[in-house]
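User: Hi! Could you walk me through this structure in simple terms?
Analyst: Happy to, let's look at it together.

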Amino acid sequence: MCYIWKGYIGMQMLLDRRGNQKTVFLFFAIFIFAFNVQGAADEPELKRIIINGDSVILSDGLEAERMILDFRHHNIAFDIEGAEANVYQYFLDGYDKKWSGWHELGYKEYTNLPPGKYFFNVRYFTGDTTGELLLCHFKVLPLWYFSPLALILYVCMAALAYWFLYAWQRLRFARTQHMLEQIINKRTEDLIIEKEKSDNLLANVLPRNTASEIMEKGKATKMKYNFVTVLFSDIQGFTKIAEETNPEILIDELDKFFFYFDSVVERLGIEKIKTIGDAYMCAGGIPEKNRTNPVEVILAALEMQAYMSRVKESSEIAGMKFWDIRIGIHTGTVVAGVVGQKKLSYDIWGDTVNTASRMESSGEAGKINISGTTYEFVKDFFVCEHRGKMPVKYKGELDMYFVNGIVPELEDKDGNPNKKFILKMQMIKLQDIEEVVIKMFDDEAPPDLYFHNAPLVRNICTQAELLATAEKISEEEYISLKLASVFLFTGYINDYEKPLESSFSSAEEILPRYGFDQENISEVKRLIRNSFKNKQESVTDNILHDARFDYLGRVDYLRLTDKLLREETEYGIPHTKKEWTDNQRKLLIEHEFITNTGRLLRNVQVEDQVAALFESTE
């Protein structure tokens, strides 16, 4: 057993030391060879058995009738003492094939008896008497490593060896698989990082939507935009400055200017188009359409103008040549798209672009020159100086205005837009957001949203506007109310079971793109949450509640409630016709419009709705 235990420990050490398969087999062969060597080292002994009358006595003095001898005693000598026979014949049943010849000596020796059971028989002859006796029977055990127990142990050892090899193979496979997974994960991470880099690089060259379209389809569709504001800027006397300035310094200065311009237009949601020499071109209202782009472009122009004024002052103090900028702006229709096959370029074309360029060339250094068209869209936000009709090449005479700054009541002490300015902008952006959400319902909503769909959202928004006007709430309250009515049911598009959380996600994703801060988003979420919980804490809660349940008092109530029943049934909320009728009857009776205007705008009274509901079920 000690050898088996040592063998087990040895194989375990080999496996722990990450040995290979050949090493384990070699160890196992050495282990078996050691057994054989150990067995060979056990020298066989001659076992003498003395037979005296009826007694069988071993050479060590012990009596035995049924002897069990180990394999070391497989050499046996039988010595018959005290017998009066003249001659003997011997037969060892289990070994001899026949009786031996007659011997005068009472002595018989057997060597190298194999393991087994034996019966020792003797015939004797004394004068005229012949007899036969079974003197003893015995058993020779095999070598210990050929015993049944040893064979069982060998089977166990073979099973253990197989299990060790199997475990080692599995461990090796697991390590290889883990290593491959690490390599794949690393390569995947590298690919993701490289893809992000290429996507960001492409997004810096092209608008993100256009870049995505090119990556998906291989080309981008050219689009027409009817309301875009184009800005051109040009440095006054740049040619002369370029002749007198070190080229490296000149490029560094231009890079500094354009870097600042890029940061301004990106913050205001304006798309940079290109730079040509000292000219900088950008446009608002592309690729995402909006109604506020004329105001945002002029805000960007004012920041550019203020920056260049600061640069001019510092240049004059340092005794350097100063930089002055002309800016021209026009609003109109453009066509936008990508040109080129290798070095892609996003550009815009149309008469609007040409007119904006003429506005810049017709302007003055340090001034922002806008067209009469742009003026009509921004006159409530900025102080503009009418220049009269000015001649423009190929255009005739056009109205032009210099923008001198923000309207005093809309600016703070630093000359930046104040809260009133921002509220005024947000009021305009409400229409853009409503269009985006309605389009989301049209493009993304499942076809089985028969009730919570775009027409219902439009109706809630319209009703909320009517009630808000009648209740005379403030602009801040109106903005939050309108946004809440727009996003109220957007959650049903993506998650019918948890529409509240999904509506929150839509608001948090879309509103920041239109300049709404976390305070606005929190108020919108509060109104939506209270509406779902049928909880009223403010006038805006009351208005949203009445707008949401306006369909209960409409003449098309029965058609709408049938749509709601059909929708809930398809989404796994089954109702029998009677259960649905009873629930709707209870809702009609218990529901009350909270605002006076909501009660006045009710088209059909409760009793008539209930009667019509029961008539429809008969």
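Analyst: One term to start: buried means under 20% relative accessible area, exposed means over 50%, and partly exposed lies in between (1.4 Å probe, protein chains only). This is a predicted model, where local features need pLDDT of at least 70, side-chain atom pairs count only at pLDDT 80 or more, and totals for chains, interfaces and linings use all residues. Residues are numbered from 1 along each chain as its sequence is written, and side-chain values use heavy atoms, with hydrogens and water left out.

User: How many salt bridges does the structure hold?
Analyst: The structure holds 29. One of them joins aspartate 582 to lysine 578, with the closest N and O atoms 3.0 Å apart. Lysine 578 counts as exposed because its relative accessibility is 62%.

User: New topic: where is arginine 326?
Analyst: Arginine 326 sits in strand E12 (residues 325–339). With a relative accessible area of 14%, arginine 326 is buried.

User: Which side chain does the side chain of arginine 326 make a polar contact with?
Analyst: That of glutamate 360, at 2.9 Å. A polar contact is a pair of N or O atoms within 3.5 Å; within protein, one must be able to donate a hydrogen and the other to accept it, and residues adjacent in sequence count only if both atoms are side-chain atoms.

User: Last one: what is the mean pLDDT of the chain?
Analyst: The mean is 83, and 85% of the residues reach 70 or more. pLDDT is the predictor's confidence in each residue, from 0 to 100. Over residues 1–9, though, pLDDT stays under 50, and over residues 13–19 pLDDT also stays under 50. Where pLDDT is low, the predicted coordinates should not be read in detail.

Definitions and conventions
Helix = DSSP H or I, 4+ residues; strand = E, 2+ residues; numbered from the N terminus. Contact = heavy atoms within 4.5 Å. Salt bridge = Lys/Arg side-chain N within 4 Å of Asp/Glu carboxyl O.
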